[in-house]
Amino acid sequence: MDLSDCMGCNIRDGKMIPFGGIIYETENFSLAQDAEVLLDGFLIIQSKRHVRSIEELSEEENIELAKLLYKTRKAIKDLNICEQVILVQEETSRHFHIWIFPEYDWIKKQFGKGIKYLRDINDYIIANVTDDDKEKVLETINKLKDYFKEDK
């Protein structure tokens with residue numbers, strides 16, 4: 001299997017650096033800003049191992065994932081990034097990852113509420129991201145990096 005075009009593997013191997021870099025790493029997972037959609041607080045937890053589904057993870061990996069997901073959600077709340085998130089794990093993806101997608105009031109007003117609008121929101125962000133948006137995303141990434149450093 002050729003994994004050279006797998007974004008998850010390329011991030012793991014350092015061939016691709018997500019915007020702002022890796023926020024936090026555990027033995028088996030990394031946390032970063034979404035590499036393509038620069039929406040403040042849109043985070044990705046991905047496995048370092050190339051698998052597609054949560055059921056392919058070992059019991060130890062699942063425990064580690066649950067702890068990281070909890071810590072990430074707690075950080076989002078503690079840092080006042082947003083009130084609510086949508087969690088998505090899509091098994092049709094080439095590499096296991098979980099989206100932690102922020103639900104902001106402006107998004108709900110413009111697009112509606114819920115998972116069915118995520119692709120439209122992503123397309124909108126990609127087409128309309130500004131330098132100010134990028135700066136805000138970097139600020140949040142740095143706050144999260146500091147948060148996770150303090151938690152060690």
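**Figure 1. Salt bridge between Arg119 and Glu90 in the predicted model.** The side chains of Arg119 and Glu90 form a salt bridge with an N to O distance of 3.1 Å. Arg119 belongs to helix α4 (residues 118-128), while Glu90 sits in the loop between β4 (84-88) and β5 (97-103), so the pair ties together parts that are 29 residues apart in sequence. Arg119 is partly exposed, at 48% relative accessibility. Glu90 is likewise partly exposed, its relative accessible area being 34%.

**Figure 2. Salt bridge between Asp40 and Lys136.** In this pair the side chains meet at 3.9 Å, N to O. Because Asp40 is located in the loop between β2 (29-33) and β3 (43-47) and Lys136 in helix α5 (residues 131-151), the contact ties together parts that are 96 residues apart in sequence. Asp40 has a relative accessibility of 11% and therefore counts as buried, the limit being under 20%. Lys136, at 37% relative accessibility, counts as partly exposed.

**Figure 3. Salt bridge between Asp13 and Arg12.** The N to O distance between these two side chains is 2.8 Å. Asp13 has a relative accessible area of 41%, which makes this residue partly exposed. For Arg12 the relative accessibility is 36%, and Arg12 too counts as partly exposed. Side chains of opposite charge can pair when their charged atoms come close. The count of salt bridges in the predicted model comes to eight, among them the pairs Arg119 and Glu90, Asp40 and Lys136, and Asp13 and Arg12.

Notes:
Residues numbered from 1 in each chain as written. Predicted model: local features only at pLDDT ≥ 70, side-chain atom pairs only at ≥ 80, totals over all residues. Heavy atoms only, no water. Salt bridge = Lys/Arg side-chain N within 4 Å of Asp/Glu carboxyl O. Buried < 20%, exposed > 50% of the residue type's maximum accessible area, 1.4 Å probe, protein only. Helix = DSSP H or I, 4+ residues; strand = E, 2+ residues; numbered from the N terminus.
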